[in-house]
Each structure stands twice: as C-alpha cells, then as structure tokens.
Amino acid sequence: MAETESIVASEAGPGTIARYQHGWRSGKPVEDPEKLKRWGLVGAKPSEYLVCTRGGVVDRKRSGQGRRIFKWPWESIAIVPTTLQRIEFTADQITREHVGVSVTGIAVYRIAEPVLAAHVLNFTYVEAASEKLGATLREMFVGAARRLIANLALDECLTRRKETIAGYLMEEIAPVVGGHGAAADTTNRGWGVVLDTIEIQQVTVQSQQVFADLQAPFRAAIAGRAELADLDRKRAVAERRAVTAREIRALEAQAEAEATEVEAREAARRAEIAANATRQVTELERDKALHQIRIAEEQRRAKATADAAAVEAERVRLEALHRQSVLQLEHERALANERQAHDTELARLRSELAIELRTREADAREHENQLDAGHQRRLAELERELAQVRARQALVAGLPQIALALRQQVGELNVTQIGPGDGAPGVLSAVPAAIAQLLALAKSFGIDPAGEN
C-alpha cells in the first residue's frame, strides 16, 4: 500500500465505515492489511472462502472455506465473505393512478458460489467488493421496484406488498445474481449470490391530501358506525329508564302493601308477646319454686354423698395403713432372711479363705525346704570340687620333691587289701590308680621312675 495513503477512522462513529483519505484508493473502505500481502501466510476466517488463482486458473486444492495458505508473489488471493448480508432500499415512484408512493424494504443475501463471485467482483479488496455488491443490489432493487410500482394500482401497492412487490423483485433479481443467470443470459453463470428473502417494510403515500382522501371513505364509514352506535346507546338508555321507572312504581306499591301487612303482623306479634310474657312469668315462678326444691334435694344428696365419701376415704386410709404395715413386716422379714443368708455366706467364705491360706503356707514352706536342700547340695558339691582343686594344687606344688624322691629305682609295689573280697571295692582299691597317675605325672616332667634318666 502506498505511503501517501491515510485512513479516516478516528472520526468514524458507531456503524460508520472507516475510509482512505488520500491516495489512489481515496474514499474506499479500509482493508485488512493481512489480506493484502504480496507474499506470506494469508488466512480466511471460518465465515470466509479463500480463492487462490495461479496463472489465471483457480487452484481448487489451495482454495477452501476458512483456508490458510502461504501466498507466493506469482499467486492472486481473493477472500470472499459467505455470511448473511443485509441491505435496505427505498424507491419513490408514481402508481398507475399517478399517485406518488415511497416503498422501503430490506433484502437478505449471501454468496453461495465464492469462486463465481470472485470472477465478477474484485474480492482482492474484500471491503470494497462487498460494498460494491451491496450498492449494485440496492440499485437493482430500486429500479425493479420503480418499474413494478409504475404498473400497479395504489390499492395493490398498499394491500399486497408481499405478493406483488417482494415476490416480483425475488423473481426478477434472484436469477440474475444467482448461480444460473437471467433468462436472457447466454453465459448461464450469474454472480454466485443467493437472495434468501425480500421484505417490504413500508409503503407510504407521499401526498398527504391523497392519503387523506383515501382514508375519507373509511373515516366516514367509521363516523357513521359511531353515530349509529351512539343512537343505539341513547335508545337503549331511554328504554332502560322507562322500564326502571315502571319497576320503581311497582316496587313502591308492593312496599306499601308489605308495610301494612307488616304493621298488622307486628300488632299481632305484640299481643302474642304480652300473652307470652304473662305465661312466662307464671312459668318462671313455678320454675323458681321447683328450682328451690331441686336445690334442697341436691344439697341433701350432696351432704349424703359427702358423708359417704368421708366414710369411704377413712376406710381406704385404714386399708392403706394396713397394707403398708403388712408390706413393712414382709420387708423386714425379707431383710432379716437376706442378712442371715449373707452372714452364712460370709462365714463360709471366711472358712474357705482360712483353708486356702493354710494350704498356701504349707506349699510355701515345702518350696522353701526344697530350695534349702538344693542349696545345701550345691554347697557340698562346690566344697568337694574346691577340695579336689586344692589337692591338685598341692600335688603340683610338691611334684619336684616327689620327682626327686622317685629318682631311685622303683621295683615292685605290692598292695595288700584287708577286707571283703570277691571283687568288691575296698579301702585301698584306689591306691594303685593313684600311684599310676603319679607315675604318669612324673613322666610328663621328664623323670623316669625306672632310673633310666
């Protein structure tokens, strides 16, 4: 984009499109610079269709809805919006009766064939192409509407706007901008645009006088119906008033008759009341006497009942005292039995405890005796072992003297035992064994008892 171009966007309010102020694109809407790259990554939104052209031929593989590709300098990219678009149009025209009317409507369209639309419009600049498409459609709608209104009557324009105007515009323009072209289009291609709906919002008669004249018959009819309704209302009110007056007079006569009847009934009622009052006084006096008699009888019965109740209460009290004394005696007897059983059980437990103590003392003494006997035996064994150790020590200490004494030649050693025979061990049975041990011990010290050394 040229450096001389500038954008007027700061003064644009809500709903106003920012436009270029200078340069060869002055007055045109501002474009997204990401979509005008000479090369680099270019992407379309999910609601846009990317058309990639190389060498004048559309590359179908690199084109698609919401596509994102890398654009080379020898490629052309067109991004076509496929969302719903809305335009408004207003057409002023005179009808067949030469009455000027103004028709305002809206049209909703969308691009259904993006590749075809990219051929007929330069969607390299998306905003400018969309604006140009909307302006073209608006002018087509205005022209078609004017041509149609010129051949219609005013009543048809006012009452049949959907069937006449909107339907005609849809039939005439939809094939031109669609994917098939108009009836006389030899290329049979169209623009790739689909018209979803055309709505005529308002049809206004431009002349106030004509509009007032159109409304005059309806206003007169409405005024006539209003006056007739007022007359009917007045007649109904008069009839209702007459009926109400007759009803009021009849009610007054009926009220007078009822008042006379009420007075007669009231006189009879007063006489009856007086007679009833006399009779009631007599009955009251008799009832009073009977009441006093009943009171006296009730007092006598109450006194008798009270006396009987007192006697019964005394009897109940005596019976309660008797039951209480019996229960106390039984309780004391049960306590005594329980105390005796407890004492017997306590004595038995004491005797068993004494027997158990004596048994445990005997066992303890027997255990102590066993321990003392074992201790004495152990002491005897220790003393015997100690004596043997001491004898060995004395023998070892006297070995040199014994060895010197044994330097002389030892001949025969005869041991004579006096005592029981038959192989039974005697007193001197251990002497030969001791001498043998002594000789062996001397040899261990290098002393030969036979005199060899």
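In the predicted model, a salt bridge links the side chains of R62 and D59, with an N to O distance of 4.0 Å. Both R62 and D59 are buried. R300 is joined to E297 by a salt bridge whose closest N and O atoms are 2.0 Å apart. Because R300 and E297 lie 3 residues apart in helix α5 (residues 208–405), about one helical turn separates them. Salt bridges with shared partners also connect R54, D59, R62 and E75 in one network.

The side chains of R86 and E88 form a salt bridge as well, at 2.9 Å from N to O. R86 has a relative accessible area of 52% and is therefore exposed, the cut-off being over 50%. E88, at 43% relative accessibility, counts as partly exposed.

A nonpolar patch on the surface is formed by W39, L41, F70, W72 and W74, which together have about 580 Å² of accessible area. Of these residues, F70 belongs to strand β7 (residues 68–71) and is partly exposed, with a relative accessible area of 31%.

A search of the whole structure for cavities of 30 Å³ or more finds 1. The largest cavity contains about 50 Å³ of space. Its lining consists of P81, T83, Q85, Y109, I111, F123, S130 and L133. At least two lining residues come from each of β10 (100–111) and α2 (126–149). By class, 5 residues of the lining are nonpolar and 3 are polar, with no charged residues.

Definitions and conventions
Residues are numbered from 1 along each chain as its sequence is written. This is a predicted model: local features need pLDDT of at least 70, side-chain atom pairs count only at pLDDT 80 or more; totals for chains, interfaces and linings use all residues. Side-chain values use heavy atoms; hydrogens and water are left out. On a 1 Å grid over the protein atoms alone, a cavity is a set of points where a 1.4 Å probe fits but cannot get out, and a pocket is an open set with protein on both sides within 12 Å along at least five of seven lines; lining residues have an atom within 4 Å of a point. Grid points are joined across faces, edges and corners, and a volume is the space filled by probe spheres set on the points. Helices (H or I, at least four residues) and strands (E, at least two) are DSSP runs, numbered from the N terminus. Ala, Val, Leu, Ile, Met, Phe, Trp, Tyr, Cys and Pro count as nonpolar, Asp, Glu, Lys and Arg as charged, and the others, Gly among them, as polar. Patches are made of residues with over 30% relative accessible area and no salt bridge: like charges are joined within 9 Å, nonpolar side chains (Val, Leu, Ile, Met, Phe, Trp, Tyr) within 5 Å. Accessible areas come from the Shrake-Rupley method with a 1.4 Å probe; for residues, only the protein chains shown count as cover. Buried means under 20% relative accessible area, exposed over 50%, partly exposed in between (1.4 Å probe, protein chains only).
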